[in-house]
Amino acid sequence: MGQTITKKIAMQFLSGRRTVRLEAFTAITDEAAVALSNCKGNLNLGGLTQLSAEAAAALARCRGDLILEGLTKLSDASAEALAQRRGDLELYGLGEIPEEVAKALAQHEGQLSLGIITELSARSAAFLSQHRGDKLTIHGLSTLSGAAAAALAKYHGELNLPDLTKISDTAAKALARHKGDLRLGVEELSVSGAEFLSHHRGRLHLPALGDLPEAVAEALAKHPGELKLFKLFWLSEAMVAEALAKLRGKLDAKLLKELSAGAADALVKHEKELRLTPPALNAIAEARERLARIKSSRAKRAVRSSATIGMSG
C-alpha cells in the first residue's frame, strides 16, 4: 500500500502539507478519491496507472485542473464517470481510444486532451466528434485516415492535432470541412493539400510548417481566415511574400526573425493585420517609407514632365 493514496494521505494533502506529492503514487483508494473531490485547486495525479469507476466519479467533482497522464487504459465505466467532469480533462497517457471509451468521453463538456494516441479508428473518431466541449486535442496521431479525418471534421469546437506531421490529400480535403479553429502539426504540405486546406472556414494553425514553397504559399493565401505560421523564421523570397500578401485574413508569423528587403516590400501590400516580431515589423515600416519615397519621386518627375510638355506646346 506504500504506492497507494489512502484517505489519510489525501487528508494530509488537503490540510496543506507541501511534502505530500500525490503525483508520486500509482494507485488510489475510493475513499481517498472521495476526500480529494473536495479539492478546490489543481490536482496532479499523473502517477496513477489505474482508476476504478467509483474513484473516477469522485475525482470528476474536483474543481481545479485534473491531471491523469499516467493512465494508459480506461474502462468504459471510468470514462463515463470522468466525462461528468465540468472542467478540462487531460488524459495524456492513453495509447488507444476504444469505441466505447470514445463514446463515453464525448459526453464531457470541457476541453478534452487525449494522448498519446497512435491510431484512431473512424468509429472512435465519429464518437469523439460529438464531444460537447469547445476544444478537442488528440496527441500522438502522426497519420490520419481519410475516414477518421472526415469524422473529426464534424466536431464543432477547436480541433487540435499537434502531432499530425504528415497529411494525405484525402485527409486534408476532409479536415477542410471542419468549421472552427483547426491546428495541425504538418511539417510539409503538397500544393493540392494546401489548396484543400484553403477552403477551411476558421483560423488555420500550422505551427510546424517551415518549408513554404511559392506554390504552397499561393494556395494557402486563398484561405479566408487567420493563418498562423509559427515556424516561418526567415522570409527571403519575394515571391513567397507576394503570395502571402494576398491572404484575406490576419497573418500570424510571430517568430519571423528576418525579412529581406524584397519580401518586406511585398508584405506591405497585405491589407489585414500582420503579427510579426519587432525586427520584421521594422523592416516592413522601412519598406513603406522606401516605397513612399519612390512614389513621391515618381510623382515629382511626372509633374516636371508635364510642365516641360506644356512649355514646349
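This report describes the overall dimensions, the sheet and a few aromatic contacts of a predicted protein model.

## Basis of the model

Because the structure is predicted, local features are reported at pLDDT of at least 70 and side-chain atom pairs at pLDDT 80 or more, whereas totals for chains, interfaces and linings use all residues. Residues are numbered from 1 along each chain as its sequence is written, and side-chain values use heavy atoms, with hydrogens and water left out.

## Overall dimensions

The protein chain has a radius of gyration of 26 Å, while a compact globule of 313 residues would have one near 20 Å; the radius is taken over C-alpha atoms, and the globule rule is 2.2 Å times the number of residues to the power 0.38. Along the principal axes, the C-alpha atoms fill a box of roughly 105 × 45 × 25 Å.

The chain exposes about 15700 Å², of which carbon and sulfur atoms supply 50%, the areas coming from the Shrake-Rupley method with a 1.4 Å probe. Among contacts with a separation of 6 or more, 39% are between residues 24 or more positions apart, a contact being heavy atoms within 4.5 Å.

## Strands and sheet

The protein chain contains 13 helices and 15 strands, which are DSSP runs numbered from the N terminus (helices H or I, at least four residues; strands E, at least two). An open sheet with parallel pairing is formed by 11 strands, in the order β3-β4-β5-β6-β7-β8-β9-β10-β11-β13-β15; two strands pair if DSSP finds at least two bridges between them. Its edge strands, β3 (43-44) and β15 (274-275), each pair on one side only.

Within this order, β8 (residues 158-161) runs parallel to β9 (residues 182-184) and is joined to that strand by 3 bridges. L159 has L182 of β9 as its bridge partner.

## Aromatic contacts

The structure holds 1 aromatic pair. The ring centres of F233 and W234 are 5.8 Å apart and their planes stand at 85°, so the pair is edge-to-face (centres within 6.5 Å; planes under 30 degrees apart count as stacked, over 60 as edge-to-face and the rest as tilted, with the six-membered ring used for Trp). F233 is partly exposed at a relative accessible area of 25%, whereas W234 counts as exposed at 52%.

F233 also has K257 over its face, at 5.3 Å from the ring centre. The charged end of K254 sits over the ring of F230, 4.6 Å from its centre; the criterion is NZ of Lys or CZ of Arg within 6 Å of the ring centre and within 35 degrees of the ring normal.

Definitions and conventions
Buried means under 20% relative accessible area, exposed over 50%, partly exposed in between (1.4 Å probe, protein chains only).
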